[in-house]
Amino acid sequence: MYNKPLEGMPRWKRVLRTLLFTLMPPLVLGLVVGAVFWVRSGSTFRLRAWHIEGDLLSARQDMTQVLARYENKPLASLSVDKVRQELARDPWITGLSVVKNWPDALDVQVREAEPLAWVVRRGAVKVLSGDGRLLPAPRASLTLDMPVLKVPDAQLPLAVGALRTLKTDFPALYGRVEWVEWSAFPRLGLMDSPARVTLQAPLWRHGLSMLQVVLSARPEMLTREGEMDLRFVNQVVWRRVNA
């Protein structure tokens, strides 16, 4: 292969070719700069809408107010890191993804803390989360079917682990537990049952397994008032109220 010599080319073609090679780089650069300037400052690529998903417990109204402050701002110059930091101030949010959805929107994906139980502290109703934090109650329109937990502050970490075991490994039983009094010998009450169940903290999982067996094989035992003592290995002890 070889380049065709320019000597046989007409003069006007040689001049045109020289002009093209000379002007092409600044023309291309100008187009790129113009396109960038248009995207960053024009009226076409501005934030018009946002889509929030995963917000069950966090305050959507507060997140909407944050995003509304960026409405009509150029999407290209919008800092998703700054938006993410502002949205993440909600204590229920444990993870957050903010992605630009061109030409004019933001996609927000929320990951929230896991609620375990209701807790009353200093006269205020709180929610105990799976990571051991006491969080504000979610919006009033949301109903959470969770047990009410009574626990000393010093034993709160142990109670968190026990409730996570109850919720994860015994979900059907978790749905029936109405209250838990946590101590060395935890007590709990079940929905539609006047009986009280006593377990042993070190044998918590074993006691829950025994309770699950009783509910399946002998549900009538929990239809009368009294105490079901499951503190012993492979032994169910029933006590009447006045015993």
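Trainee: What covers the buried residues of helix 4?

Mentor: Keep in mind that this is a predicted model. The cover includes strand 4 (115–121), strand 5 (124–129), strand 7 (148–150) and strand 8 (177–181), along with helix 5 (171–174) and helix 6 (204–217).

Trainee: And which residues of helix 4 are buried?

Mentor: Leu-156, Ala-159, Val-160, Ala-162, Leu-163, Thr-165 and Leu-166.

Trainee: What does Leu-166 touch, leaving aside its neighbours within four places in sequence?

Mentor: Leu-166 is in contact with Pro-171, Leu-173, Tyr-174, Val-177, Trp-204 and Leu-208. Leu-166 is also one of the residues with the most contacts inside the largest nonpolar core, which has 41 residues. Leu-149, Leu-173, Leu-188 and Leu-211 are on that list too.

Trainee: Which elements supply at least two residues of this core?

Mentor: Among them are helix 4, helix 5 and helix 6, plus strand 9 (187–190) and strand 11 (227–232).

Trainee: Switching topic: which residues does the second core include?

Mentor: That separate core of 17 residues includes Leu-47, Val-66, Leu-75 and Leu-87. Val-66 sits in helix 2 (residues 60–68), where Met-63 and Leu-67 are buried as well.

Trainee: Where do the buried residues of helix 2 fall, seen down the axis?

Mentor: Within an arc of 95°, so they line one face of the helix. Their cover includes strand 1 (49–53), helix 3 (80–87), strand 2 (93–101) and strand 3 (105–112).

Terms used. Residues numbered from 1 in each chain as written. Predicted model: local features only at pLDDT ≥ 70, side-chain atom pairs only at ≥ 80, totals over all residues. Heavy atoms only, no water. Buried < 20%, exposed > 50% of the residue type's maximum accessible area, 1.4 Å probe, protein only. Helix = DSSP H or I, 4+ residues; strand = E, 2+ residues; numbered from the N terminus. Contact = heavy atoms within 4.5 Å. Core = buried A, V, L, I, M, F, W, Y, C linked by side-chain atoms within 4.5 Å. Arc of directions from axis to C-beta.
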